[in-house]
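Here is a short briefing to read alongside your structure. Take a look at the fold, then join us for a walk through its cavities, a helix and a sheet.

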Amino acid sequence: MNIIASRSNLSGAITVPGSKSHTIRALLLATLAEGTSHIKNPLPSADCLSTAAAVPLMGSEVDLNLLAEGEPGTEWTVYGAGKNLHLPDDVVNVGDSGSLLYFLTPVAACFEGTSVFTGDASIRKRPVLHVVDALNQLGAKCFVTRPASNSCPLVITGSIKKGGIVKTPGEISSQYISGLMMAGILTEGPIKIELSNPKETPYLTMTQKWLEKVGVSCSISGDFKHIEVTPNQNLKGFDATIPSDWEGVAFPLIAALVSDSKITIENVDSSGTQGDDAIVSILQSLGADIVWDKKAEKLFVAGGKCAKDGIGRLSTENLPDGELHVNISGFPDAVCALAALACFVEGKVVIEDAAVCRRKETDRLKVLTIELAKLGASIEEKEDSLVIHGHSPFLKDGSPNPCFKLHGAICESYDDHRMAMSLASIALGLPKDERIIINNAECCAVSFPHFYEVMNKINANFREEE
């Protein structure tokens, strides 16, 4: 499916689906628990549904409470495997979910025998040798099936059931570290993780809070270099409500700021467990008209002529040295939205410490450079950063800015959900009669099911190319 996106102004209220990160953690921990768990407001995305299909291979049952039209319901029930948890009884196909791959492999490695993990074409390109090394340090025998490959299919033999110490780089991904933390529930002795150069640390805190919620003792040092999980194989079923996904909030947020829009984003997670909420203060530093009512869990966003000053100009002029520097290592999934928005900001924006963004669904630093350049953006790709020299559509007095040169183009999603949603969102701020056509745009279902339909309810006017 190809989507056509062009200038439009948003109005009204929108609710972003539940968090993918929280939903997958809830499903995995409910599988490990004894008894029944109820998960409210789960994200019915492709990654989460892949998880719901995979965990029964280890002994749990998942009831999605399907609606009449076949859509997953708003409350899922998990009948935990508990003491009957076992080695996966079939090959685990994680689909397109790197989260599921990295979370579940250490858990499967807690059992004697052999388990096999694979996935779609994207997964079969994503690195796993760091997982192999970590599990082998703990006593397993892991390998990839293809010589000279760094990706699935992945075979795990033996077990890490004794626990122990594992030393691993912290900059590659936080996801397999979270997987090791959850595996620490099942081992005989504690799992102690020694990290060098920790990145994506808010996600480690999220995992820690989930473990503590289900009664597992987990300690993380202040510098995130030392993590220890104490085994507790007596987990009980639980009830949980999944908060909204800040990674999803980013897209209606930037769409409103680049257009003459006024929207309310409802059910916003104000718990502080998602690092992506840093996007609010970053955008406010550029002059964005955003009000976050944490008590009501709402964001009020006004862009362009709807902003308080009637202009809505975004600029780095009031920042040190007239530049915005964003260390993205703690919330790398925001890179697509931030880079896209930076094209509408007067001044220099540098997204730093971003090497982890190269190991997501695609090399996001590379493909952002390619696709945003197609739109006329001035963007530089460096080894671990992006530099965007942007221009606001408006001068300080609100008149048109002759330096603003963005235009439409035919763009690729690379089957990356965040690329597709970022491109669609910033199209709303293009000059009249310009448009972006996004090829293979249906990939947004990975994290934001029905994104285009939901956005159209607040007047985005996305349409499918015929």
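A search of the whole structure turns up 4 cavities of 30 Å³ or more. A cavity here is a set of points, on a 1 Å grid over the protein atoms alone, where a 1.4 Å probe fits but cannot get out. Please keep in mind that this is a predicted model, in which local features need pLDDT of at least 70 and side-chain atom pairs count only at pLDDT 80 or more, while totals for chains, interfaces and linings use all residues. Residues are numbered from 1 along each chain as its sequence is written, and side-chain values use heavy atoms, with hydrogens and water left out.

**The largest cavity**
- Its volume is about 210 Å³, where a volume is the space filled by probe spheres set on the grid points, joined across faces, edges and corners.
- Of its 20 lining residues, Lys20, Ser99, Gln175, Asp333 and Lys360 lie nearest the centre; lining residues have an atom within 4 Å of a point.
- Helix H1 (20–32), helix H3 and helix H11 (417–426) each supply at least two residues of this lining, and H1 gives the largest share, 4 residues.
- By class, the lining has 3 nonpolar, 6 polar and 11 charged residues, with Asp, Glu, Lys and Arg counted as charged, Ala, Val, Leu, Ile, Met, Phe, Trp, Tyr, Cys and Pro as nonpolar, and the others, Gly among them, as polar.

**The second largest cavity**
- This cavity holds about 60 Å³ of space.
- Its lining includes Tyr102, His130, Gln175 and Lys360.

**Helix H4**
- In H4 (residues 129–137), His130, Val131, Val132, Ala134 and Leu135 are buried, meaning under 20% relative accessible area with a 1.4 Å probe, protein chains only.
- Those buried residues pack against H3 (98–108), strands S8 (141–144), S9 (154–157) and S10, and helix H5, with contact meaning heavy atoms within 4.5 Å.
- Helices (H or I, at least four residues) and strands (E, at least two) are DSSP runs, numbered from the N terminus.

**The four-stranded sheet**
- An open sheet of 4 strands runs in the order S10-S11-S13-S12, with mixed pairing; strands pair if DSSP finds at least two bridges between them.
- S10 (164–169) and S12 (218–220) stand at the edges with a single partner strand each, so one side of each has no neighbour in the sheet.
- S11 (residues 191–196) and S13 (residues 226–229) pair in the antiparallel sense over 4 bridges.
- Glutamate 194 stands opposite histidine 226 in S13.

How values were computed:
Buried means under 20% relative accessible area, exposed over 50%, partly exposed in between (1.4 Å probe, protein chains only). On a 1 Å grid over the protein atoms alone, a cavity is a set of points where a 1.4 Å probe fits but cannot get out, and a pocket is an open set with protein on both sides within 12 Å along at least five of seven lines; lining residues have an atom within 4 Å of a point.
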